[in-house]
Amino acid sequence: MASAPADENRRWWKEAVVYQIYPRSFNDSNGDGVGDIPGIIEKADYLADLGVDCVWLNPVYESPNADNGYDISDYRAIMDEFGSMSDWKALRDALHERDIRLIMDLVVNHSSDEHAWFVNSRSSKDAEKRDYYWWREGRDPEGTDLDPDDYDTPDGVEEVPPNNWESFFGGPAWAYDDQTGEWYLHLFDRKQPDLNWRNEDVRNDVFEMMEWWLDRGIDGFRMDVINLISKPDGLPDADPANDIATIDRAVNGPRVHEYLGEMRDRVLDEDLLTVGEMVGDEMPLETARRYVTPGPEGDGLSMIFHFEHMLLDEGDEVWETVEWELPELKAVFDRWQAGLAEEGWNSLYLNNHDQPRMVSRFGDDDQYHRESAKLLATLLHTLRGTPYIYQGEELGMTNYPFESLDEVRDVATLNPIQNAIREGEIDSFEDVKDAVRAKSRDNARTPMQWNDADHAGFTDGDPWIPVNPNKDHINVEDVRDDPDSVWHYYRELIDLRSERDVVVYGDYEPLTPDHESLWVYTRTLETDDGRDTLLVVLNFASDETAFDPPADLAGRAADVLVSNYDTDVDAVEVDILRPWEARVYDLG
């Protein structure tokens with residue numbers, strides 16, 4: 001049974017609620033249609049009023065924007081569209097003055113092809129920085145299954161890439177360079193060449209850059225696709241016939257723990273929030289624990305972002321979705337709650353800048369929009385781990401009703417669809433419109449909805465991406481005026497977390513793993529005053545559902561601390577839960 005931790009075992013990042021800001025879409029201060037750092041400063045009081053403890057700021061570094069800032073050309077400069085380094089320092093100070101910490105995105109699996117390192121690297125085969133990236137000679141197509149016509153090479157170059165890996169954004173993971181006659185690896189866009197972490201100079205430069213930011217007062221890092229930094233020996237082909245895809249070759253490579261251990265020893269400490277994004281399918285829990293166990297036994301990250309719950313509805317293509325059932329979702333969370341109960345810590349999220357809006361994906365964004373948005377919030381804020389709020393989630397923002405490919409900005413959506421149309425796999429955008437509406441990353445990137453004015457109060461200019469038309473009734477101004485809104489419900493949950501240690505540190509016990517619509521669990525903590533227990537009851541259905549409590553809890557006196565409906569009960573009893581009803585009982 002978990003006990004209330006002694007002061008030396010507490011961590012601020014375990015007790016925190018983190019708010020993620022995608023700056024391009026948060027608030028535009030100068031009317032150019034792009035959110036910026038001064039715009040975030042304007043909303044610092046909004047963040048304080050919501051009650052969050054930390055901001056995760058998506059990349060604001062110098063970048064040509066092939067992937068909206070995740071292609072960095074200068075790690076120590078601010079993109080002009082977002083402001084200046086002076087603006088960034090003012091943001092840091094504005095947050096810290098309000099007791100809100102700040103973590104920055106660390107994007108070091110790859111850089112931009114416009115970074116000085118890569119510019120030097122491609123200047124010649126003997127360039128000083130050549131080994132900063134993965135340069136390889138091509139292969140004779142004879143003896144491979146690859147067709148030279150499928151690759152963008154000059155006339156007369158009859159060769160194929162060093163292996164058959166595919167980019168996660170569609171197409172090959174190698175680009176041919178005319179200047180030096182070799183290929184470079186890019187697991188993402190061709191303007192995002194992968195860094196070669198085997199080169200000690202690369203690691204030294206990355207660690208020095210991290211220290212530079214820490215010296216400027218940040219409180220940690222979110223580490224982009226960090227489990228891709230170690231590539232397998234020999235870069236072996238993927239093997240589709242045996243279900244071995246590129247991602248299976250690339251994730252959790254042979255030296256990844258060596259590299260992160262070196263980062264831990266050189267740069268990190270336990271008071272920093274360090275969250276590693278871990279791409280790929282189901283991760284063995286022993287691997288997960290290695291990432292988050294303090295050194296020297298582990299890599300010492302605070303927590304990781306895994307994707308198992310994000311993959312439940314994934315088809316083979318970006319435009320394909322599959323049905324999922326609630327027991328599958330519960331099984332993922334139950335596995336991770338148990339797997340990191342003794343060693344490590346969980347991150348808790350259902351959407352971010354790379355995922356569609358959670359109320360549209362996991363809830364009912366039509367008839368029970370408010371109720372389901374509140375229920376999903378209840379789940380994330382009462383599990384064991386650190387909850388992450390993605391901007392607009394606290395309003396119940398929904399997916400965007402895309403009507404054409406012209407409205408899409410995301411390369412991870414555009415590239416595969418344009419390739420599929422070109423190759424005749426689909427006829428037009430109309431064939432995949434429903435899937436884009438359900439799955440595109442751009443669903444999360446539409447502007448923050450501040451009010452019901454033109455462009456939702458996000459900008460006085462033309463926004464870089466369309467505003468969701470439902471801004472007329474889902475916006476900050478309206479929800480703050482409505483005491484029963486999703487926004488005020490988030491404040492209740494955040495307050496509960498700060499008031500009750502059991503919400504942060506208590507054990508998690510699932511009670512209904514196989515139920516088709518009920519997710520019921522307890523959180524329990526031993527304290528100096530006895531045992532503190534909460535019972536969480538969630539009805540994941542748009543229909544009424546009977547709740548028959550476990551025999552050991554039936555009839556037990558209990559207050560309802562939080563609920564998304566008016567609830568007048570004083571005990572845990574057989575009851576009919578309303579659609580998407582959420583209750584948190586205090587069992588004392």
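1. Let's start with the second largest cavity: its lining consists of Asn-351, Met-358, Val-359, Ala-373, Glu-393, Gly-396, Met-397 and Tyr-490. A cavity here is a set of points on a 1 Å grid over the protein atoms alone where a 1.4 Å probe fits but cannot get out, and lining residues have an atom within 4 Å of a point. Its volume, the space filled by probe spheres set on the points, is about 50 Å³.

2. A word on the basis: this is a predicted model, in which local features need pLDDT of at least 70, side-chain atom pairs count only at pLDDT 80 or more, and totals for chains, interfaces and linings use all residues. Residues are numbered from 1 along each chain as its sequence is written, and side-chain values use heavy atoms, with hydrogens and water left out.

3. Among the residues lining the largest cavity are His-306, His-309, Trp-336 and Tyr-349.

4. Now for the neighbour of α10: helix α9 (residues 285-292) packs against α10 (residues 326-339) at about 50 degrees, with the axes 10 Å apart. Axes are lines fitted to C-alpha atoms over the stretch in contact, and angles run from 0 to 180 degrees between N-to-C directions. The contact (heavy atoms within 4.5 Å) involves Leu-285, Ala-288 and Arg-289 of α9 with Arg-335, Trp-336 and Gly-339 of α10.

Technical notes. Helix = DSSP H or I, 4+ residues; strand = E, 2+ residues; numbered from the N terminus. 1 Å grid on protein atoms, 1.4 Å probe; cavity = no way out; pocket = protein on both sides within 12 Å on 5 of 7 lines; lining within 4 Å.
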